[in-house]
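Subject: Handover of a structure and its description

Dear colleague,

Please find the structure below.

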Amino acid sequence: MNKKIIRILLLVSLIFLASTLILPLWDIAIFAPQYPEGLNLQIWLNKISGDLNNINILNHYVGMKAITPSDIPELVYFPKLIAGILVVGAVALAWPHLVSIGLYFLSFAAFSLFALYDFWKWEYDYGHNLSPDAPIKVPGMSYQPPLFGSETLLNISIYSYPAIGGWLMMVSFLAVLYVLYLRAKELWG
């Protein structure tokens, strides 16, 4: 019975993880007096979409760098890393041994931690390294958007949360974590 459940959960994990190749991972919404309807930025594995031009115009006033997707190497190699993790996961599905499931879990966990750190580091650089020629300068002020949650910077409110692909990735990770637990419990009681 456990083997059937393990295979179903691994399949669900793989399908949900594969969905991140075609669904947005993260949403950032910005509300400013000049944009009361809000501006949205969607981060995908391989692109950034949404109101990028208006956000770059808004950010220019406080000296933030323009977001230029072609200058972000993660948009090129992150899909390749996910494809590699999917291959490891497919091996675990075909051969649901503790070793293969453990490798799937470890590669998934390492990618997730690195991606979150990389996102935070990118936000830190973006919000702290400001142009000295900015039209609006507030001494001591930085504009780092929140990694998760909301924050108000001057008169601008920013909301940063996972998009559908990000939520599916979390469910996928929890599924493989539970599979690892089931397999270990089966072997060692």
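What is the handedness of the crossing of α1 and α5? The crossing of α1 and α5 is left-handed; a crossing is called left-handed if the near helix is turned anticlockwise from the far one by less than a right angle, and right-handed if clockwise.

Please note that this is a predicted model, in which local features need pLDDT of at least 70 and side-chain atom pairs count only at pLDDT 80 or more, while totals for chains, interfaces and linings use all residues. Residues are numbered from 1 along each chain as its sequence is written, and side-chain values use heavy atoms, with hydrogens and water left out.

Overall view

The protein has 5 helices and 5 strands. Helices (H or I, at least four residues) and strands (E, at least two) are DSSP runs, numbered from the N terminus. Along the sequence, their order is α-β-β-β-α-α-α-β-β-α. Along the principal axes, the C-alpha atoms fill a box of roughly 65 × 30 × 25 Å. Of the 189 residues, 43% are buried, where buried means under 20% relative accessible area, exposed over 50% and partly exposed in between (1.4 Å probe, protein chains only).

Helix packing

Two packed helices are described by the angle between their axes and the distance between the axes. Here, axes are lines fitted to C-alpha atoms, for helices over the stretch in contact, and angles run from 0 to 180 degrees between N-to-C directions.

Helix α1 and helix α5 (residues 164-188) pack at about 155 degrees with their axes 8 Å apart, and the two are therefore roughly antiparallel. Angles under 35 degrees count as roughly parallel, over 145 as roughly antiparallel, 65 to 115 as roughly perpendicular and the rest as oblique. Among the residues that meet are I5, L9 and F16 in α1 and L168, V171 and A175 in α5; contact means heavy atoms within 4.5 Å. By class, this contact has 14 nonpolar, 4 polar and 2 charged residues. Ala, Val, Leu, Ile, Met, Phe, Trp, Tyr, Cys and Pro count as nonpolar, Asp, Glu, Lys and Arg as charged, and the others, Gly among them, as polar.

Helix α1 (residues 2-19) also packs with helix α3 (residues 74-94), their axes coming within 10 Å and crossing at roughly 165 degrees. That makes α1 roughly antiparallel to α3, and this crossing is left-handed. The contact includes L11 and L14 of α1 and I85 and L86 of α3. Its residues divide into 12 nonpolar, 1 polar and 1 charged.

Nonpolar cores

A nonpolar core is a set of buried Ala, Val, Leu, Ile, Met, Phe, Trp, Tyr and Cys residues joined through side-chain atoms within 4.5 Å. The largest has 24 residues, of which L10, L17, I82, Y104 and F111 touch the most other members. Helices α1, α3, α4 (98-128) and α5 each supply at least two residues of this core, and the largest share, 8 residues, comes from α4. Another core, of 23 residues, lies apart from it and includes I30, L52, I55 and F119.

Two individual residues

K3 lies in helix α1 and counts as exposed, at 55% relative accessibility.

L154 is placed in the loop between β4 (149-153) and β5 (156-162). Most residues other than glycine have a negative phi. The phi of L154, however, is near 55 degrees, a positive value. L154 is partly exposed, with a relative accessible area of 42%.

Yours sincerely,

A colleague
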